[in-house]
Amino acid sequence: MIRVYNTLSKQKETFQPLEEGKVGIYLCGPTVYDKSHIGHMVGPIIFDTIKRYLSYSGYDVTWVVNITDVDDKLIMKSRERGIPMEAIAEEMTADYLSNLASLGVDQIDHMPKATENIDEIIQFTRELIDKGFAYAVDGDVFFDVNADQGYGKLSNRTADAAQGEGGEAAARKKSSSDFALWKAAKEDEPSWDSPWGQGRPGWHIECSAMSRRILGESFDIHGGGLDLVFPHHENELAQSECCHGKPMVSYWMHNGLMRAGDATGKVGGRSDRDENDSETQATVETKISRSKGAGGLADLIETHGGERIRFFLLRTHYRSTIVFSEAGLQEAGTALESFYRLFERYERITGNCFYKLVPTTQRPEENSRDQCEFLQQVDVHRQSYLDHMDDDFNTGGATSDLFDLVRTINRYIDQNEIEQSASEQHLAALTIAVQILRDLSGILGIFSSPQKNEAGNDELTGQLMELMIALRAEARASKNFEIADRIRDGLAEIGVTIEDRKDGTGWRVG
RNA sequence: GGCUCCGUGGCCAAGUGGCUAAGGCAGCGGAUUGCAAAUCCGCCAUCACCGGUUCGAAUCCGGUCGGAGCCUCCA
């Protein structure tokens, strides 16, 4: 039984899809006016993981992430850079997509763009006018907040407490909290034909229109960052529910926002150039999108690798604030090492590559019958992992079970001296356990392929290392530890670690 | 001012009424090792503070202090 925290009810609820066995998820994606920063990746990574888990649990999931490719910021950017809005959108969408790919986000089924759904948007707006929830004034169309009884229920706000956008449009609105569904085109703005003249969509309407087109009038999960609860999701909900007269989504899920936490004020390894007043900045933590150094996600991926970043994000609960820091990322990397080491150990023993194991796509039945003690322990951790995930996708708790699994497997190998000589039985049990680790980590979207370890992968290095190790072995055999240690220490200085294992000497970079 | 949320060991972080408060990083002790590395074993918290409810609270209620977000664009 999966439980989900619903922003609308402010509590965890039992997950029950509208249609048996099927789940529709809509996640608010980026406005593509600039390069994405790490904060933009929180939602995609957690929902990618949620989709993996729901699929594993037997649901047929459809996941939609929209691209907002027309709005004020895009228009401004286009003027600044003197190139068409479409060119900016295209460039930034490509950036976004490549970041997603690096972070292993590959579960998205549809990525509709606002500009490709103008007809739906106009249609939706027209329906709202026909039903008396919206009105047109001089080419603008506004949503009439006071016509909506339920307005404010998502963000717990009353209609009049919610100030809509001000500016010169304010004068034409019936109430200041009314918001634009359609904006009349100004000079030099991209625009489309509509029953109200040339114009473009307001910010919220595209999501109502596109989610309906792809997922239907009502669907299961709508997600986004906590900062979207108001006004964006409140308004979306108002539009859709007024238009259809029924609930828009069953579960509203919002991820916590990321803050920049490095003492230096750095984000993404960039120095914060424009900060020159005193030391007060030292401990300032701000929301990433407001921090001066926001950006540099590509650099971050380059230096740390997507897997480390993904793991870093998934180690905390999706609803809590994550303080971003280089140190935190470093630590995540250190923690991942124990997994990589186990994978190598497994390969040395069985000759099989962990990454070539095919993940089981179906959640197995409850505990297995008469197994050896080891596999029973493995089962305990597997079950604990699933319990964590069932509880509002608690990936932070689930990762601890992964570490428990690693320790359990290492202990089994140690205690039974499997590295020295393995019986069929041991190998079979080991294989089952590692397969389970494969399946469970696959749900988090990690360890799907080897992380490129740049250095030391070429043939020459391998041969040289073989030689060094042989020389050291000879020195050790003749108890010439001075030479042996000189070899080991010298290698350590250039970043190569020698490991004398039960089954022979090995080496690793880093 | 209105509305949310958070404060768990040196650091990060699960846990939101009841077995001995997960896990990671760092540290310490031990096994192993020629010494290391890796691995395993063990150790390291009464949960910001005060008061209350309860047989029983980190977990519920009230207050205090500290921190964050939203109320304008934001993932």
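This is a predicted model: local features need pLDDT of at least 70, side-chain atom pairs count only at pLDDT 80 or more; totals for chains, interfaces and linings use all residues.
Residues are numbered from 1 along each chain as its sequence is written, chains are lettered from A and ligands numbered from 1 in the order in which they are written, and side-chain values use heavy atoms, with hydrogens and water left out. Helices (H or I, at least four residues) and strands (E, at least two) are DSSP runs, numbered from the N terminus.

**Parallel sheet**

- An open sheet is formed by 4 strands in the order β4-β3-β9-β10, with parallel pairing, where two strands pair if DSSP finds at least two bridges between them.
- Its edge strands, each pairing on one side only, are β4 (60-65) and β10 (249-255).
- Neighbouring strands of this sheet are turned by 20° against each other on average, direction ignored; axes are lines fitted to C-alpha atoms, for helices over the stretch in contact, and angles run from 0 to 180 degrees between N-to-C directions.
- Within the sheet, β3 (residues 22-27) and β9 (residues 219-225) pair in the parallel sense over 3 bridges, and L27 has G223 in β9 as its bridge partner.
- Helix α5 (residues 205-215) packs on this sheet, where it touches β3, β4 and β9, and its direction makes about 160° with that of β3; contact here means heavy atoms within 4.5 Å.

**Antiparallel strands**

- A further set of 4 strands forms an open sheet in the order β5-β6-β7-β8, with antiparallel pairing.
- The edges are taken by β5 (134-137) and β8 (199-201), each with a single partner strand, so one side of each is left without a neighbour in the sheet.
- Strands β6 (residues 140-143) and β7 (residues 179-184) pair in the antiparallel sense over 3 bridges, with F143 standing opposite F179 in β7.
- Strands β14 (residues 496-501) and β15 (residues 504-509) pair in the antiparallel sense over 6 bridges, and a hairpin joins β14 to β15 through 2 residues.
- The bridge partner of E499 in β15 is G506.

**Helix packing**

- Helices α4 (residues 118-130) and α5 pack at an angle of about 105°, their axes lying 9 Å apart, and α4 and α5 are therefore roughly perpendicular to each other; angles under 35 degrees count as roughly parallel, over 145 as roughly antiparallel, 65 to 115 as roughly perpendicular and the rest as oblique.
- The contact is made by E120, I121, Q123, F124, T125, E127 and L128 of α4 and by I205, E206, S208, A209, R212 and R213 of α5.
- These residues of the α4 and α5 contact divide into 5 nonpolar, 3 polar and 5 charged, where Ala, Val, Leu, Ile, Met, Phe, Trp, Tyr, Cys and Pro count as nonpolar, Asp, Glu, Lys and Arg as charged, and the others, Gly among them, as polar.
- Helices α9 (residues 326-350) and α12 (residues 424-443) pack at an angle of about 145°, with axes 12 Å apart, and α9 passes α12 in a left-handed crossing; a crossing is left-handed if the near helix is turned anticlockwise from the far one by less than a right angle, and right-handed if clockwise.
- From α9 the contact takes F339, L342, F343, Y346, I349 and T350, and from α12 it takes L427, L430, T431, V434 and L437, which by class gives 9 nonpolar, 2 polar and no charged residues.
- The axes of α13 (residues 459-477) and α14 (residues 481-493) come within 7 Å and cross at roughly 150°, which makes α13 roughly antiparallel to α14.
- Here too the crossing, of α13 past α14, is left-handed; M465, M468, L471, R472, A475 and R476 in α13 meet F481, I483, A484, I487, R488 and L491 in α14, and the contact has 9 nonpolar, no polar and 3 charged residues.

**Backbone features**

- Most residues other than glycine have a negative phi, and most peptide bonds are trans.
- D138, which is not a glycine, has a positive phi of about 50° and is placed in the loop between β5 and β6.
- E417, which follows α11, has a positive phi near 45°.
- The peptide bond from F230 to P231 is cis, with omega near 0°, and P231 lies in helix α6 (residues 229-244).
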